[in-house]
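Open your viewer and get ready to click through a few selections. We will go stop by stop.

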Amino acid sequence: MGKFVVKQTNTGIKFDLKAGNGEVIATSEVYSSEAACRNGIASVQKNAPVAGIEDQTVEGFEKVKHPKFEVYQDKAGEYRFRLKATNGEIIATGEGYKAKAGCMNGIESIKKNAPDADIVEA
């Protein structure tokens with residue numbers, strides 16, 4: 001069972017979504033308040049299960065409506081994803097993966113873990 005871990009940073013508050021094995025599968029931006037952070041978590045819980053996948057690593061990729069996971073390659077050539085809410089705002093991002101399959105597995109893990117993940121304070 002996954003969990004959202006809410007923690008203070010030097011500049012505000014953020015969350016990590018961790019899979020059942022403790023691996024971080026998504027991270028949020030830094031929010032100015034705990035309430036805003038919890039709203040971000042609620043947005044991930046609502047949007048992740050229904051989000052489509054827009055694979056921007058494929059030439060001539062098909063645009064997908066929000067909410068969606070955008071899969072892309074970073075400057076280092078690693079595969080990454082970002083989850084965008086219905087309004088187009090980025091609500092969570094993933095780590096870099098060497099293989100596209102790993103990135104896709106990360107997305108599936110979020111879809112599975114986010115909806116009923118507990119929220120805990122770090």
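This is a predicted model: local features need pLDDT of at least 70, side-chain atom pairs count only at pLDDT 80 or more; totals for chains, interfaces and linings use all residues.

Residues are numbered from 1 along each chain as its sequence is written, and side-chain values use heavy atoms, with hydrogens and water left out.

First, select residues 34-47, helix H1 (helices are DSSP runs of H or I, at least four residues, and strands are runs of E, at least two, numbered from the N terminus).

Now colour Cys37, Gly40, Ile41, Ser43, Val44 and Asn47, which are buried (under 20% relative accessible area, with exposed over 50% and partly exposed in between, using a 1.4 Å probe and protein chains only). They cover an arc of only 160 degrees around the axis, so they sit on the same side of H1; the arc is that of the directions from the helix axis to the C-beta atoms. On the face turned away, pick the exposed Ala35, Asn39 and Lys46.

What covers the buried residues of H1? Show strands S1 (3-8), S2 (13-18), S6 (79-84), S7 (90-93) and S8 (118-121), which are among the cover.

Next, zoom in on S6 and S7, which run antiparallel and are joined by three bridges (strands pair if DSSP finds at least two bridges between them). Leu83 stands opposite Ala92 in S7. Five residues lie between the strands of this hairpin, where Gly88 takes a positive phi near 90 degrees.

Conventions:
The expected span of a helix is 1.5 Å times one less than its number of residues. Contact means heavy atoms within 4.5 Å.
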